[in-house]
Amino acid sequence: MTSTEPRLSTDEIADLETIACTIAREAGDLIVDERPDHLGVAATKSTETDVVTIMDKRSEELLRTRLEAARPGDGLLGEEGASKPSTTGVTWVVDPIDGTVNYLYQLPAYAVSVAACVGDVHTEGAWRPVAGAVLNPVTDELFHAGLGSGAFLDHAGRSSAIRVTAQGDLAMSLLATGFGYDVDKRKRQAALAAELIGRVRDIRRAGSAALDLCSVAAGRLDGYYEAGLNPWDLAAGWLIVTEAGGLVQGQAGGAPTSDLVVAGGTEHVAKLAPLVDR
Ligand code: IPD
């Protein structure tokens, strides 16, 4: 912890986790219930993009308003441009819709991601999450964690502790990854995935980094890696994996950054990281 980070008690962290869960649910309801009827892949491209952007912005505005009311001194960093400095040392990092393309196509793998973080969220490697929630509003699965108190999946009226797998054999591992929006970068990412696919059980590309990380935390995947993530794709899922007993790291074993995120059980990450750290 750096000297600028606040000392947060267990109760304070639990409060931050509760806020993350509550507002993720509210934003999840918004993006599902108020999705415009005409939003779909049959619409013109510019319209699709515009309408998705509108729902992204509406979701982020809801998150911003709720956080301002609950924690007026906290900072904010959001995918759609929300930005506010912190006077408390806590900054919320939010993704109003992670898996935007899935949302457009109505593939049920998108999420609202909300994380309370400490440190400097504008500097790679200089911040970390202390509480967070990721909600898939279609499956109604809420993943959440608070620093030091474990990771949980709330679904169908039950809250269950979740745990990463103990898989240490890469050849038996089910991995996920993602591809960025830039075409040249996607080609490089696909080339790496093509190299890896012969060495692992299989590779999934679900389309939401936040949900990929939660799947690792819940033992539905053995590992995940991706280059090019933004803090809002990563923040809540990072904590959920580590509180589920896993490891999330970046290049050379450092903090995860936009250069690299590798997640999984400790043994798994030790084997996967050297293959994807380039
Ligand atoms: C994207 C998703 C995707 C990942 C991309 C992200 P967005 O976030 O998380 O799975 O591969 O790198 O940009 O744009 O849907 O919020």
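Let me start with a term: partly exposed means a relative accessible area between the buried limit, under 20%, and the exposed limit, over 50%. Arg 64 has 34% relative accessibility, so Arg 64 counts as partly exposed. Keep in mind that this is a predicted model.

Now the partner of Arg 64. That is Glu 61, in a salt bridge with 2.8 Å between the closest N and O atoms. Both residues sit in helix H2, three residues apart, which means about one helical turn separates them. Glu 61 is partly exposed too, at 38%.

Next, Glu 68. Its side chain meets Lys 84 in a salt bridge, 2.8 Å from N to O. Glu 68 is in helix H2 and Lys 84 in strand E2, residues 83–84, so this pair ties together parts 16 residues apart in sequence. Lys 84 is partly exposed at 26%. Glu 68 is partly exposed at 33%.

Glu 34 comes out at 40% relative accessible area, partly exposed. Arg 58 is at 35%, also partly exposed.

Last, the surface. Val 101, Tyr 105, Leu 107 and Tyr 181 form a nonpolar patch there. Together they have about 480 Å² of accessible area. Val 101 belongs to helix H3, residues 100–105. At 42%, Val 101 is partly exposed.

Terms used: Residues are numbered from 1 along each chain as its sequence is written. This is a predicted model: local features need pLDDT of at least 70, side-chain atom pairs count only at pLDDT 80 or more; totals for chains, interfaces and linings use all residues. Side-chain values use heavy atoms; hydrogens and water are left out. Patches are made of residues with over 30% relative accessible area and no salt bridge: like charges are joined within 9 Å, nonpolar side chains (Val, Leu, Ile, Met, Phe, Trp, Tyr) within 5 Å. Accessible areas come from the Shrake-Rupley method with a 1.4 Å probe; for residues, only the protein chains shown count as cover. A salt bridge is a side-chain nitrogen of Lys or Arg within 4 Å of a carboxyl oxygen of Asp or Glu. Helices (H or I, at least four residues) and strands (E, at least two) are DSSP runs, numbered from the N terminus. Buried means under 20% relative accessible area, exposed over 50%, partly exposed in between (1.4 Å probe, protein chains only).
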